[in-house]
Amino acid sequence: MRSLTDVSSTSRAQAIARGQQQGRIQGDGPLAREVVTPSPRGIAGQAQAHESAVKHVTGGAAYIDDIPAPADALHVALGLSPVACGRLTSLDLDRVRALPGVVDVVGFADVPGQTDIGPVFPGDPIFVEDEISYAGQVMFAVAAESQQAARKATRPSVIREIARIEEQPACLDPVAAAESEVFVRPTHVQQSGDWQQALRGAAHVIEGEQFVGGQEHFYLEGQACLVMPTEDEGVVVHTSNQHPSETQKLVAEVLGVPFNAVMVEVRRMGGGFGGKETQASPWACIAALIARRTGRAARLRLPRGDDMRATGKRHPFHNRYRLGVDAQGVIQGGDLTLIGDCGYSPDLSDAIVDRAMFHADNAYSLGEVRVTGKRARTNTASNTAFRGFGGPQGMMVIEPAMDDIARRLGEDPLTIRKRNLYREVRDTTRRDITHYGQTVEQVALLHHVVERLEADSDYWTRRRAITEFNATSPIIRRGLALTPVKFGISFTARHLNQAGALLHVYTDGSVMINHGGTEMGQGLHTKICQVVARELSLDIETVRITATRTDKVPNTSPTAASSGADLNGMAARDACLRLKARLFDFAAEAYHLDHEGMNLADGELVSKEGESERRIPWGELVQAAYLDRISLSEKGFYATPLIHYDRVTGQGRPFYYFAHGAAVSEVSVDTLTGEYQVDRVDILHDVGDSLNPAIDIGQVEGGFIQGMGWLTSEELRWDDAGRLTSDGPATYKIPTYGDLPAVFNVALLEGHPNSMASIYRSKAVGEPPFMLGISVWSALRDALSSLVDYREAPRLDTPATPERVLMAAKALRARVSNAGDA
């Protein structure tokens, strides 16, 4: 028998061995939780570090290109079209097959199954058959022994030798396409009341138009996948992907096999922002095709330039507004037209332009209005989802109108915005119903957010100081703007508002959760672990999450529309509730306890009967249930209630609830050069009862900066032939550390839970903060307006680059000069 000294020395040796092992097996795959210093409990509602935070900053997080591939894995590169419009008359792939290191080459004729991989509507061929629709469209793919050999075989010089193309004029103007009725999908109209009479009877009619630029996703991890063939006809697909189930479907259809032959796995993405919702699937389809043809693993990752040329962006929009307002600047009604530049195919453009129409009101009652959404076809890559999904472009039709109304009436823009906010019913006029028929609940909360930020940011004191400064500063002008956000939460495609989860409890008491959402850095996995920890009353270190896999939770929706935590959190909670009910039934019988008095608390089953209390540790309960043959696994499911929308009438309730927020931005503009800086930003954002305040504040900060970049510096440029020229970080400028405001105050609204039964009364936080960046653009207009004594707001298309700001300043000064001459 060993002595106590022997036992303690053994324990110390084991502790030392564990410490030495820590960090040495990271190559086996990163841990799914932070195990060093977890915050106390870490359940939902508490601030908790991202489950992969340490791995992110130390390089331990595994992305697609970090996954070890078999030694004989092939490397795939793409042959892209050099022209934007034309016909491919011949393509000699045999010459490519003869190049050094090339193992296989595939084109349109080599696809055994479906060749159209359009996600919703047809129109996206996996390879060019004959019609070329944009510069960067995939004509063929090369599989080679090395990445270098594959890329050499797809160089432009090779493509010029093997391809014969009859080039045709490209259409790059969505307005011209709309006028010629060249659309990817039919036009849609939403209408509320007699908008023509509203214009006729208005004291003032405000008109304007604006170009709203697109945006490159610029995720840190580019499009990438690794596909391995399996037994029989199947493949395993590792992909950086927001919609694994759709990729599973498309890969199966391209290969001509059942869905169950394809398993798609996503552990994490190095960013997505919508760019990997539909447009990660083509690369998986191509790699899977090669893997099945060769029987070897296939790795495909797009170089940044190819990625930017081959994939779609945020939709550019051309917006027009004609609004009738009364003497106080309150909108009575009008006519709004939104033309979305959809690129060459439908992709998700139907839903994106719909959401732009839904958000053409932002936070304001439009009265009797008609909103028309057009989906123009142009010869560019098919534009796709991007954070906000059309909502930001829609809001950019009403926010400039607010500034224009204020300048016409000589009022401060904030005053006009507050007068037009959705509000309670007054007299017989409903001012709490949107133009598509949904009642805006929590309108008092919307006002509270704006008024509190107005006070906390000291808006009016700063407004007076800025006005005085501008009156004596001939070159540097300062601007200030407060803009609100009301953003609808739900997929506008009703069937996507569902989610599943799979929960396993092991006999040592540890828990594994899997769900249909994907992690792209936004902290979804962390929040789901917190939900499970809260429901089972466990420390978060007891809960581990696994990669998203189509063989664990099937038929999932994309992680998009800010719905990841709402849907998957509720599904995970449902699984926990079902498992708890089973364990409670077991405990009542096995331990002779009162079922009604049971609950889980602090890692124990607690049962109260009168004054007496019994506590059973979680591990003991789980072990006893296992020995009694009680299932310790459960699935959960959730479908968002209440939502509906009738496209025929343009009326319904497409959103479960609205998230609100507001931002105040202050800028300084050099009117001789157009250069500017953002001096200060104050944000107050509504997230209901936050699931994780630390992560939510990070989402607000990041969303705002990304929105600011969209509206100021991120400019997409094509040459006259339709080739993208801003195809890398040297020519496409995302915000950097130096663009951060010198003063950046961000706060979450507390004490206002969601009025709808969301997960723990929280609200989505992924997309709504993006639109807070509109305040920077509006502040730039405010600064420029001071050049004409605030009598007008200049047209300022986006992105509002220094060049555009300078041209707007020159135009205003020219009008002042001409007026003086007259």
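Predicted model: local features only at pLDDT ≥ 70, side-chain atom pairs only at ≥ 80, totals over all residues.
As for the conventions, local features need pLDDT of at least 70 and side-chain atom pairs count only at pLDDT 80 or more, while totals for chains, interfaces and linings use all residues. Residues are numbered from 1 along each chain as its sequence is written, and side-chain values use heavy atoms, with hydrogens and water left out.

Let me start with the salt bridges, where a side-chain nitrogen of Lys or Arg lies within 4 Å of a carboxyl oxygen of Asp or Glu; by this rule the count comes to 56. One of them pairs E209 with R320, with 3.9 Å between the closest N and O atoms. Because E209 sits in strand β8 (residues 204-212) and R320 in strand β13 (residues 317-325), this pair ties together parts that are 111 residues apart in sequence; strands here are DSSP runs of E, at least two residues, and helices are runs of H or I, at least four, both numbered from the N terminus.

In a second pair, E634 and R582, the closest N and O atoms are 2.2 Å apart. That pair links strand β24 (residues 633-639), which holds E634, to helix α17 (residues 564-590), which holds R582, 52 residues apart. E634 is buried at a relative accessible area of 14%, whereas R582 is partly exposed at 25%, where buried means under 20%, exposed over 50% and partly exposed in between (1.4 Å probe, protein chains only). A network of salt bridges also links R185, D350, D354, R375 and R647.
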